[in-house]
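Opened the notebook for a quick pass over a pair of chains. I want a look at one helix and at the contact between the chains.

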Amino acid sequence: MLCATSRLLAAGTATAPPAQPRGRGPGARCRRRELHFPGHPELPPGDFLLGRLARPSVPAGRRVALRRGRMPPAVGGGPAGSEPRPRRGRAGVEGARAVGPDVGAEPAARSPKRPARGSRCTEAAGRWTLLTLVTLLSFATRFHRLDEPRHICWDETHFGKMGSYYINRTFFFDVHPPLGKMLIGLAGYLSGYDGTFLFQKPGDKYEHHNYMGMRGFCAFLGSLLVPFAYLTVLELSKSFPAALLTAALLTFDTGCLTLSQYILLDPILMFFIMAAMLSMVKYNSCANRPFSAPWWFWLSLTGINLAGALGVKFVGLFIILQVGWNTISDLWHLFGDLSLSVVTVGKHLTARILCLIALPLTLYTATYAIHFMVLNKSGPGDGFFSSAFQARLSGNNLHNASIPEHLAYGSVITVKNLRMAIGYLHSHRHLYPEGIGARQQQVTTYLHKDYNNLWIIKKHNTNADPLDPSIPVEFVRHGDIVRLEHKETSRNLHSHYHEAPLTRKHYQVTGYGINGTGDSNDFWRIEVINRKFGNRIKVLRSRIRLIHLVTGCVLGSSGKVLPKWGWEQLEVTCTPYLKETLNSIWNVEDHINPKLPNISLDVLQPTFPEILLESHMVMIRGNNGLKPKDNEFTSKPWHWPINYQVIWWLNLLSIALYLLLGSIIAVAVQRGTHLPAEVEGLSQVLLQGGGQLLLGWMLHYFPFFLMGRILYFHHYFPAMLFSSMLTGILWDTLLRLCAWSLASSFLARGVYMVGILSLLLGTAYSFYLFHPLAYGMVGPLAQDPGSPMAGLRWLESWDF
Amino acid sequence: MLGFLKRPVVVTADINLNVVALTAVGLLSRLWHLAYPRAVVFDEVYYGQYISFYMKRIFFLDGSGPPFGHMLLALGGYLGGFDGNFLWNRIGAEYSSNVPVWSLRLLPALTGAFSIPMAYQILLELGFSHCAAMGAALLMLIENALITQSRLMLLESVLIFFNLLAVLSYLKFSNSQKHRPFSLSWWFWLMLTGVACSCAVGVKYMGIFTYLLVLAVASVHAWHLIGDQTLSNVCVLCHLLARAAALLVIPTLMYLLFFYVHLILVYRSGPHDQIMSSAFQASLEGGLARITQGQPLEVAYGSQVTLKNVFGKPVPCWLHSHQSTYPMIYENGRGSSHQQQVTCYPFKDVNNWWIVKDPGRHQLVVNNPPRPVRHGDVVQLVHGMTTRFLNTHDVAAPLSPHSQEVSCYVDYNISMPSQNLWRLDIVNRESDTEVWKTILSEVRLVHVNTSAVLKLSGAHLPDWGFQQLEVVGEKLSRGYHESMVWNVEEHRYGKSQEQKERELELHSPAQMDVSRNLSFMARFLELQWRMLTAKSDDSEHKYSSSPLDWVTLDTSIAYWLHPRTSAQIHLLGNIVIWASASLAMVVYVLLFFWYLLRRRRSICDIPEETKCCRCIPTLLEASSGKCKDQAGIAVTPGYSWLRWVLAGALCAGGWAVNYLPFFMMEKTLFLYHYLPALTFQILLLPVVLQHVSDHLCRSQLLRSLFSALVVAWYSCACHVFNTLRPLTYGDKSLSPSELKALRWKDSWDILIRKH
């Protein structure tokens, strides 16, 4: 970027002298105004920095348009430079309504004089050159030393591992939706990684394994962030310097750079977020040509990117909110436009529902379909899911199993809690220790499969062996009073008025009796909650509750971990509160009864919508489960914007300045102050373009304050993208305002030039200073005064 | 000068008999047999203990809300001459004769009663008819849940009262905006808005949402005011400043005032002290202050100190060591250094004493003059009873394997040299040369060799560690966490060099002479922070419910049961009112969006504004200039879009802000949390009814029919009120069959005695 800037600078200086005299033509007032319409179609490429400040007065038609509160037209041949048009349909509509009789001037504004063909070509070439430069620089910084370090870094251990799971097709569980990891897996697969590396812990050497494919993929998406941000800002502000500044901020931000260099979900997430933002902005600028091909293209692209963002992490929800807000306000304005018939508005609405709701939902569901199709082998994620779900996975003991369908007396069963990660009802030959309830056999829940999970279901009043062939099969029905006998120890599931070991308000559950003979405290009433299968109890599908007959309490697991004496299994209690919570609902998983015909479990397999719903429930619960403990460090959202970096401070300052400037302008407008046309144009950019970015920043930042889960510093990066774009727009506008308020054109140009250049150079210099952070440091830690980084430790809290 | 003599002194009384009548029946319904169950009813058991604390002037900490509400309840006790001697331990316990039940319950009952005429006033100020206003008040009158809740020592009715007062005074203020800005009544209502808002927040944190709603409406109005170009810039500025002062500054000051009074009232130490920092505890009378009084302020080399962890979770504790060593091999097979254990111990003990030693010298006594320890100094900490040095090394801690073990060095294992130098890092220092101060300084102890920081991990050690808390050296010292910060609590200058004498010295209490005081702001900030972070441990209750159950009244709470008969108090709403209020809400929202969409297409079903300037929030159309001063002229109000929107914003908005936040909360929720939201919903009901009657019923016949329906519906509500009355007042014992008949929903848990 450094060399690009200096080349531009040189070009600028070379072309400046001829441009200047042209600028001196009109009177002072005119000159002042023109500063803000720097864009001129005939500008040679690279001349925009200076040329814009020295343009002669604007064509009459354009000035009319500007006075109506329109945006300044494109600068120096921006993407839409040759045909200035309202930036958004809405602005156009409002402008037309506000002006009323002046509508005649509108066509004039829309079709300015076409520039000469040759200059258009050069201008387009310049535009593309700049974009290419920005992209190349971004790629260069991201791909530099990508293979270093040659070991697992940080969260690569998770996401690399999950990529391997896809290649190996083993089922796993993660709190994020599958798309990001699928893409990582795909990248690995295509680049020849065979999924054999274990990704055990950070610091493990990759050796001969091919990890560059996955890193390269993430770096590729990460590099695209910069051109995306560049184009977005260009579209919003029509100003090359603003776009360049944004690009520089993002290219030279070491945090952003680091995050793009490893196998992480964040570059993928940010890619989709920025792509959605870009296509939304592009689509907004197509608003004056509704239902045209580009309009449809950008609209559906927005939808696709939304699906992508949501498919990587649930943080994608925020960009959906942003696009949703934009769409609603857009529709609201269309609806208020009385020149459009209701049918047309209906068409608009349908198009948006199709592209922004139906399309993303389909894609999002499709990623899950692929996810479940690819992962068809049993793996580490099984235990998190319900029994019925596990039956799908080959290698799981429920897969292709055949067991009796309806529960009958004498059956040997395992009972699983419906709540995630609670496990099977379990007992073992150990007693509750002295002082904790009655000294009887422990009953717990246990996550692993084990013989001690087996229980025999018996009638409460007879002890006859139900497996005796002379006794007819009797099915267990809803409302029956039963006894559960632990198969290994022959003790009955029992409860009584003693407080439970950890949850003091609940009753203790124990194993009691000898060889299946106990007392009336062993009687439980079995109740089926979803009785759509009739009164019988169906394996895997029936949700049952066990209600203790004497005390009236419900068997449940509190989910608390017992101390050492309980082998760190989970506590089982009998809760006197009869509310239906998942903790107190169970289902029958294994079922052995020789007298009953076996059916294949495939019949019981859940349908796709059920799987989809279940995996979402599990993910949400998993996310909620990531709670920080006391005495543990957690990153707090209010620490985030204050980072190591100059760039982040600049961003923070810019937000404050933006709020100040924005409210001044808003109050001035509300007070009816008549703004000069130039200022009005600039304030439109600031309020509308900047407003969208500010909204994006807020949406990606503030919700974290409400979240109870563990937060990490990298959660701030999506917000940081938006604030960098805002910084670009803000400083460009601010400098233009400064330049406008200065009397002499030379000084104005100087101020603007110096401002933009110093910002660009400043970011580049900060990168030069801090780049060892991104590419890996050598030498001692910064606390050591001898370290090369010691001088950079500007604040004591910095820790590198 | 004597101009007032020229005119006769005239007092014009303008008494609205409606208001008088409503107040009278309100008082009757709320105060009737107020002292009746002379027993602890439901949450009285909870608020009662705080009343007792106030009466005895004992400090307490209650995370559920700011102290204003508790103070109001305590005021009743003060006026009734309550001495605080009652053990609030069980629902249903009979009050002893020293408890002034009537005066304790009076304040909530009064606020409950005054809410009724206020509902009437609010609807009038919103510009609706007297009929609608009467309707709202009468609905409030016969709402069983509101009656039950306001007849006991509970805070919901007080909260509702202040919520309504805030809304009413804002409406009064904004209605006087157009004609008499900066007049006396204008100022009065503006200030009252701020005061009522802060009182609502002071009673319960939930009040903040109503405050925010009022602020939002006020800022929309202010925004229109800014756009009003007939006003000069200075005038606009004055308006804005007045609003900022009344709605932002006054509430802040009031909120501080509540805490100021609270801290003045409760100045004695009590059972909740432990949660607070040492400095705070020392500012209370008795307790720690008695021990620490007169300690030397500056810690010097040779000082004997106890070190308390600032975070204090899961329990407040002091750095501790004892003779026992870490077991050679842990249960999971890992090894330890087998040196003397260092733990954190939640009780005062002679083993909590440590001596600060200068690494360069041998002596363990304080020089004369004492050499104070400063920030950045390197010290050694010697355990007083065993004379061993606090040490940490690269051995995994027993329960947190990622951190270093902390031990008191035992030198039998020469292969592991002692690493007992600690650098003192005063966290709350003002300068880099600050001296380590008793109680006031919060310090981190950074290990010199490994940069590990002494930290309380929060885990309980197993039996070999006597269930005390684990202390570790945290290597990853990124960021700041309170569990790494310690402060000196007890402190004295060591005098004896000999170990035997020193042990005697350690057993004797510290000397005393000076007392130290914390500034109010420091105490306020600490108290507020602890209140907000205090966790309620139990999230389960027999009568707890989820917000979804509230709208449909799918839950109830048994408050009290007569010890012998089946007379009982049960929190149950008037189901007709609940259902129709929710229905009205839905109708309002649907109508609102329907009108909004049609207005967007320039079809105005409701005119923009009425002819009657007096009844409407005039700020919104101030620029129209059509309405001249017509104050006092009673015109039948027409329909106005703005009025319809304002009513919705305040009533439907009030419902939303008082209801929806509960979905985000993780604490135990009860049906009574819904009552503030319900009140706003009830206010909306007559608004919708009047709108339907005036606007949607086109013909006179329809209108009469509708009125008849409304009357029928209201008598139905009255009937329900009357049926549920025994459960509301608890005065009449019903037979089991009657009680069964009252169980209209299976989820209502009405208690039926088995005979």
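I started just past α9(A), where A:Gly192 has a positive phi of about 90 degrees. Worth noting before going on: this is a predicted model.

Next I checked the length of α9(A), which runs over residues 179–190 of chain A. Its 12 residues should span 16 Å at 1.5 Å a residue, and the end C-alpha atoms are 16 Å apart, so the two agree.

Then I asked which residues of α9(A) are buried. I got A:Leu179, A:Gly180, A:Lys181, A:Met182, A:Ile184, A:Gly185, A:Ala187 and A:Gly188. I also looked up what covers these buried residues, and the cover includes α8 (156–168), α10 (212–237), α13 (266–285), α14 (293–312) and α16 (342–374) of chain A.

On to the other chain. I find 40 residues of chain B in contact with 31 residues of chain A. The area buried between chain B and chain A comes out at about 2,800 Å², with carbon and sulfur atoms giving 49% of that. Searching for salt bridges across this interface, I got 0.

Which elements of chain B give two or more residues to the side that touches chain A? They are α9 (207–227), α10 (233–265), β10 (453–460) and α16 (575–600) of chain B. α9(B) gives the most, with 5 residues.

Notes: Residues numbered from 1 in each chain as written. Chains lettered and ligands numbered in written order. Predicted model: local features only at pLDDT ≥ 70, side-chain atom pairs only at ≥ 80, totals over all residues. Heavy atoms only, no water. Contact = heavy atoms within 4.5 Å. Buried area = accessible area lost by both parts, 1.4 Å probe. Salt bridge = Lys/Arg side-chain N within 4 Å of Asp/Glu carboxyl O. Helix = DSSP H or I, 4+ residues; strand = E, 2+ residues; numbered from the N terminus. Expected span 1.5 Å × (residues − 1). Buried < 20%, exposed > 50% of the residue type's maximum accessible area, 1.4 Å probe, protein only.
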